[in-house]
Amino acid sequence: MPVIFFNKMTNISQIVRDNIRLLKPYSCARDEFKGEASVFLDANENPMNSPYNRYPDPLQTALKTKIAALKHVRPSQIMLGVGSDEPIDLIIRIFCEPKTDNIVAMDPTYGMYRVCADVNNVEYRGVLLGAGFTLDAGKMLAATDEHTKVIFICSPNNPTGNLMNVSEITKILDTFGGITVIDEAYIDFSSEPSWLEKLDRYPQLIVLQTFSKAWGMAAARCGMAFASEEIIGYLNKIKYPYNINILTQRFVSEQIDLEERKNGWVGMLLQQRGFLTEQLAALPVVEKIYPSDANFLLVKVADANAVYNTLVNRGIIVRNRNNVSLCLGCLRITVGTEEENELLINALKQI
């Protein structure tokens, strides 16, 4: 029987890699100065072309303050990354010793967990989901051993679209002594509450969210990691100093003021998700549509490769998930505008 290496979380520093815990982080010029100034001669910047000549705030203080109010957390509980992929990579680097430690994740799920593990030379252990793509905490925990440092749970999951059961996630949080990451990239499309509400209860919990989906800012590349102040401290310690540029910081800050517009987009996409589900179900080529809490549908069709290629030839791009675990014959279809969805349906009617 595999060993859960802590019965309960005691001290985060116990599972941080020694070299990370002892690391002296790079100190940029703006880290060494606090307060107001009118002349900046400290960072070897060009004095021309203001404001783009100046390095951005390395800790994104103003933006985090707005995000904290939006998400009902403390600014000190936020780390901003270049998309969610940056914190995923940093989490593995902080807690997992290459060639020794491992991470556990669901299968199928978001592919970057495995990619980041492979890049960092950390063993990746995928655990097949159950019937209906359900999470089994017992199976996840059984895959762990004394070298398992992180469990990744994507909820709503990609590519399956469904939320993971709260009680099963709670079992993992109450049992596993390492870091549990809940990736909520699609949480805005779900009616269930975020795990952000549990941050103070579980010091080993990290919640990932993004501005790429509901907020329509995929090109801005701004992801959010929420965790205890101690974990955020380690994330800030090893991230690159100016990872979020001034253009992204300002743009995201402006967009946060348009939350009602975002909510309107989400409402439209949920309505269109229902429309797509209804229309797809009536097509002979469609065999099954899986329930979704995200902005996409996982759809099983008669011949996934053939249908995919036919759509590509008509200029309609979906994601072929035919070769992914448990997704044989499936396409992942993002919910588009009403016009885009109608073009998709009309193309599928002709197959």
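Student: How many disulfides does the count come to here?

Tutor: The count comes to zero disulfides. Keep in mind that this is a predicted model. The idea is to look for a pair of cysteine sulfur atoms within 2.5 Å. Take Cys28, which is in no disulfide: the nearest cysteine sulfur belongs to Cys222 and is 18 Å away.

Student: And is Cys28 buried or exposed?

Tutor: Buried, with a relative accessible area of 1%. The cut-off for calling a residue buried is under 20%.

Student: Let's move to strands. Which way do the residues of β7 point?

Tutor: Follow the side chains along the strand. In β7, residues 223-226, Gly223 and Ala225 point one way, while Met224 and Phe226 point the other way. Whichever way they point, all of them are buried.

Student: Which sense does the pairing of β1 and β7 have, parallel or antiparallel?

Tutor: To read pairing, ask which strands are joined by bridges, and in what sense. Strand β1, residues 78-81, pairs with β7 in the antiparallel sense, over four bridges. As a landmark, find Gly81: it stands opposite Gly223 in β7.

Student: How many bridges join β6 to β7?

Tutor: Four, and these two strands run antiparallel, with β6 covering residues 205-210. Here the landmark is Thr210, which stands opposite Gly223 in β7.

Note on methods. Residues numbered from 1 in each chain as written. Predicted model: local features only at pLDDT ≥ 70, side-chain atom pairs only at ≥ 80, totals over all residues. Heavy atoms only, no water. Buried < 20%, exposed > 50% of the residue type's maximum accessible area, 1.4 Å probe, protein only. Pairing = 2+ DSSP bridges.
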